[in-house]
Amino acid sequence: MSLILNHISYTYNPGTAFETKALNDVSLTVKDGEILSIIGKTGSGKSTLLQHMNGLLSPDEGDILYNGADILQKDFDKRSLRFKVGIVFQYPEHQLFDETVIKDVAFGPRNMGYDDTKARILAMEALEKTGVEEEVYEESCFNLSGGQKRRAAIAGVLAMNPDILVLDEPAAGLDPAGKRQILDLIKELRESGRTIVMVSHSMEDVAEISDRIAVMDKGRIIMEGAPSEIFGRIEELEGIGLSAPEVIYISRRLKEAGIPVNTAAVTVEEVAADILNLYR
Ligand code: ADP
Ligand code: MG
């Protein structure tokens, strides 16, 4: 799998009073098997960028290569791209239908042309992977908890077996337990070889699960790197309305106080292990 966005720009409502340049010369490569997180404050262009990854939006300028093929060419099969790059939108529970959970999840595979039986099997497998309890398969989506709804929505995309799973704020609005389940699920999916692109507002979540982070500001990608690299640039992040995980501020203070902690640590577990090591 390879997905390359090459110098893409996108403007909403061009030539009107509502014209907004949402993407401005963005280049980004999604690497096979990674968890790539995209951060940036509201309106920086994250969701617009995600919608270019499966051809839902087409850039005004630049090109997009999926496995080397230019997806903007007329003869490119965009329909199949929608199955290969699966997007779970922000608050996907709003898209769940008023029918049973299993039918809802089987919708994607049915759309791909699988018969009812096969679609049902794929839906069950996806629901199992996302940890939705079997007792609720035949219930209405509306009877699910917030966390279950979110996992059912992810199952709906996973059932199509995409190469890349794109998640826009997958843990937003969930309680801590629901959030924990989503993060663990994302890590499990990556371990089984899935490539993940995720947008998140939580710096803690991003620090914990990302292999790489891209930072957006005003329609541009202004930083790209490993979590330790990105969260080492606190002043720049603050300058664009973001911050680093709380624990990074703590390890900074410790360092300033002369305690030699490892500043590459970005999660509570890593920093705690580091501090304890000093006293061994
Ligand atoms: P983010 O996901 O980082 O919050 P978006 O990609 O949603 O950012 O938005 C980027 C910019 O494009 C913002 O200025 C937003 O107001 C504008 N925008 C987003 N969606 C639309 C739309 N459907 N029509 C017009 N403008 C939009
Ligand atoms: Mg958004």
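How many nonpolar, polar and charged residues does the shell around ligand 1 have? By class, that shell has two nonpolar, eight polar and two charged residues. Here Ala, Val, Leu, Ile, Met, Phe, Trp, Tyr, Cys and Pro count as nonpolar, Asp, Glu, Lys and Arg as charged, and the others, Gly among them, as polar.

## About the model

This is a predicted model, where local features need pLDDT of at least 70 and side-chain atom pairs count only at pLDDT 80 or more, while totals for chains, interfaces and linings use all residues. Residues are numbered from 1 along each chain as its sequence is written, chains are lettered from A and ligands numbered from 1 in the order in which they are written, and side-chain values use heavy atoms, leaving out hydrogens and water.

## Around ligand 1

The residues surrounding ligand 1 (a heavy atom within 4 Å) include Tyr12, Thr20, Lys41 and Ser44. Of the elements, α1 gives the largest share of this shell, with three residues (helices are DSSP runs of H or I, at least four residues, and strands of E, at least two, numbered from the N terminus).

Now for the polar contacts (N or O atoms within 3.5 Å). An N or O atom in the Lys46 side chain sits 2.7 Å from an oxygen atom of ligand 1. From the backbone, a polar atom of Ser47 is 2.9 Å from a ligand 1 oxygen, and an N or O atom of Ser44 is 3.2 Å from one.

How values were computed:
A polar contact is a pair of N or O atoms within 3.5 Å; within protein, one must be able to donate a hydrogen and the other to accept it, and residues adjacent in sequence count only if both atoms are side-chain atoms.
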